[in-house]
Amino acid sequence: MFKLAPSILAADFNKLGEQIACAEKAGADELHIDVMDGVFVPSISFGMPVITSIRKESKMFFDVHLMITEPIRYLEEFVNAGADGITVHAEACSNLTETVRKIKALGVRAGVSIKPATPISVLAEVEQELDRVLVMTVEPGFGGQKLIPECVEKVKELASHRKEVSASFDIQVDGGIGLSNVKSVYEAGAEVFVAGTAVFRGDILQNVKAFKEEIGIAD
Ligand code: DX5
Ligand code: ZN
């Protein structure tokens, strides 16, 4: 499986609707929505009002990546705003299992993300209940960073662990993904690829096409 999830963090917010429509038309599989609180990560991005607004114009799967402390406080609001899936950080939750169960109870897909220094063992308590694990390939907080090669090893480790424990989550990567590395990360076992800069800088249509060609998917 290969899915491309453009991150709107790198979009031109003055033309947000237009650029999302372009990514959708180009064949992007999901829309990745990065929410940052200035506490869990140093930067602040945007929240529910932006999601509510773009929801009216797009039918894409909204993949909401919460880089916020104790996300359990806001899950319902993000679902009401239009999230189809919510990914929380293991490091940001005092009760990860409860948080994941609440996401599922709200009827959307549940994901857990781990930062580059966080081992996959933190997933043990929830791995059988998860729809997605997001392996950060940069330190969360900013777009436009360079992929940390060690994180690709973690993708391999996670893919073989998933087999061992017969779990069914998909493996997503986020940060520094581009045409020069997407194939090797795909071969390591990742299935859902977040790309901000590599999709929204330049020609969106061409960029999405180039990703699919690089993996060998023609459409
Ligand atoms: C980083 C965010 C990413 C980011 C990716 O904290 O989670 O989704 O927007 O951007 P690029 O693809 O530019 O590294
Ligand atoms: Zn993200």
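**Figure 1. Glutamate 70 in the loop between β3 and α3.** Glutamate 70 is found in the loop that runs between β3 and α3 (75-81). The model shown here and in the other views is predicted. The phi angle of glutamate 70 is positive, about 45°, although the residue is not a glycine.

**Figure 2. Serine 166 in the loop between α5 and β7.** The loop between α5 (150-164) and β7 holds serine 166. This residue, too, is not a glycine, and serine 166 has a positive phi of about 50°. Its relative accessible area is 59%, so serine 166 is exposed.

Figure 3. Four residues coordinate the zinc ion (ligand 2): His32 through NE2, Asp34 through OD, His65 through ND1 and Asp174 through OD, at 2.0 to 2.3 Å. Along the chain, the donors are spaced as H-x1-D-x30-H-x108-D. Aspartate 34 belongs to strand β2 (residues 30-36) and histidine 65 to strand β3 (residues 61-67), so this pair ties together parts that are 31 residues apart in sequence. Aspartate 34 and histidine 65 are both buried.

**Figure 4. Packing of helix α1 against helix α8.** Two packed helices are described by the distance between their axes and the angle between them. For helix α1 (residues 16-26) and helix α8 (residues 204-215), the axes come within 9 Å and cross at roughly 35°. The crossing of α1 and α8 is right-handed. On the α1 side the contact is made by Gln19, Cys22, Ala23 and Ala26, and on the α8 side by Ile204, Leu205 and Val208. Six residues of the contact of α1 with α8 are nonpolar, one is polar and none is charged.

**Figure 5. Serine 180 in the loop between β7 and α6.** Serine 180 has its place in the loop between β7 (170-174) and α6 (182-188). The relative accessible area of serine 180 is 76%, and the residue is therefore exposed. From serine 180 to phenylalanine 78 the separation is 102 residues in sequence and 34 Å in space, C-alpha to C-alpha.

Key:
Residues numbered from 1 in each chain as written. Chains lettered and ligands numbered in written order. Predicted model: local features only at pLDDT ≥ 70, side-chain atom pairs only at ≥ 80, totals over all residues. Heavy atoms only, no water. Donors = N, O, S within 2.8 Å, 3.2 Å for Na, K, Ca; no water. Helix = DSSP H or I, 4+ residues; strand = E, 2+ residues; numbered from the N terminus. Buried < 20%, exposed > 50% of the residue type's maximum accessible area, 1.4 Å probe, protein only. Axes fitted to C-alpha atoms, helices over the stretch in contact; angles between N-to-C directions. Left-handed = near helix turned anticlockwise from the far one by under 90°. Contact = heavy atoms within 4.5 Å. Nonpolar A, V, L, I, M, F, W, Y, C, P; charged D, E, K, R; others polar.
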